[in-house]
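Dear colleague,

I am passing a structure on to you with this email, and my notes on it follow. Please keep it open while you read.

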Amino acid sequence: MNSTASAPAPWQSGIRGLRANALPGLVLQAAALALVLGYYHAPAVHQALSDLARFRERQDIAFSAGCTALTGGLVPFLYLHYGQRNASGRPRYGWGQGAALIGFWAYRGLEVDYWYRFQALMVGTGHDWRTIALKSFFDQFLYSPLWAVPMTAAAYERIDGEGLAADFRRGGWFRRRVLPLMISNIGVWLPAVAIIYALPTPLQLPLQNIVLCFYTLIVAHQTSPHANDPVRGG
């Protein structure tokens with residue numbers, strides 16, 4: 001019997017990743033919402049988060065880079081190194097790739113920190129619905145699709161050693177590599193950023209890092225060299 005191969009549409013990969021991670025994503029978003037509600041309504045939670053905000057401000061960009069490198073780079077790398085093997089039994093990422101991943105997320109921590117500061121400067125620091133809606137819109141429909149998601153897709157492809165320049169020359173790179181991530185990005189981050197922007201600016205990055213630790217596992221799965229392999233049938 002002849003085998004036929006048909007590559008799934010890129011949006012199908014995004015929907016597949018979104019469905020697979022829907023329940024953990026909802027749990028994570030609920031936990032983030034509980035922290036925000038605790039900050040405004042539970043004195044003990046408010047005190048703990050205020051202490052964290054003061055510590056974060058004292059450390060400044062060192063906190064931004066270090067915490068994001070930990071949650072977006074190191075923790076997911078260790079999970080993928082020891083928990084995700086290819087067909088030959090080798091880990092997805094070696095230690096050199098892990099170092100590149102950690103370095104990438106350290107940089108992204110600085111970028112996101114300054115993005116939050118820029119948003120606060122341009123839109124304001126309030127937590128009213130209008131301020132949150134504007135920041136969420138700029139975040140998810142300008143910053144993310146135009147810069148953050150394409151840059152992340154390119155970085156993971158480069159870390160995987162796939163030959164980024166050659167893949168660009170194939171054509172349709174945005175549709176193949178970025179669109180699936182954008183779909184998952186909206187599913188995870190659109191509710192999350194609305195929750196994040198409800199906190200004072202110094203606490204936004206720490207809460208973002210909690211969501212990020214989960215999201216990077218989605219990214220690693222969807223940017224795997226075999227994520228969009230053709231489906232074969234007999």
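A residue is called buried when its relative accessible area is under 20%, exposed when that value is over 50%, and partly exposed in between, with a 1.4 Å probe and protein chains only. You are looking at a predicted model, in which local features need a pLDDT of at least 70 and side-chain atom pairs count only at pLDDT 80 or more, while totals for chains, interfaces and linings use all residues. Residues are numbered from 1 along each chain as its sequence is written, and side-chain values use heavy atoms, with hydrogens and water left out.

Of the 234 residues of the protein chain, 47% count as buried. The chain has 9 helices and 2 strands, where helices (H or I, at least four residues) and strands (E, at least two) are DSSP runs numbered from the N terminus. From the N terminus on, the order of these elements is β-α-α-α-α-α-α-α-α-α-β.

The axes of α3 (residues 43-59) and α4 (residues 61-83) come within 5 Å and cross at roughly 105°, the axes being lines fitted to C-alpha atoms over the stretch in contact, with angles from 0 to 180 degrees between N-to-C directions. Helix α3 is therefore roughly perpendicular to α4, a term for angles of 65 to 115 degrees, whereas under 35 is roughly parallel, over 145 roughly antiparallel and the rest oblique. Leu52, Phe55, Arg56 and Gln59 of α3 make the contact with Ile61, Ala62, Phe63 and Ser64 of α4, contact meaning heavy atoms within 4.5 Å.

In the loop between these two helices you will find Asp60, which has a positive phi of about 55° although it is not a glycine. Most residues other than glycine have a negative phi. With 32% relative accessibility, Asp60 counts as partly exposed.

Turning to the aromatic rings, those of Phe, Tyr and Trp (its six-membered ring) pair if their centres lie within 6.5 Å, and planes under 30 degrees apart count as stacked, over 60 as edge-to-face and the rest as tilted. By this rule there are 12 aromatic pairs. The rings of Phe55 and Phe63 have centres 6.2 Å apart and planes at 80°, so this pair is edge-to-face. Phe55 is partly exposed, at 36% relative accessibility, whereas Phe63 is buried, at 11%. Elsewhere, Phe77, Tyr82 and Trp95 form one aromatic cluster.
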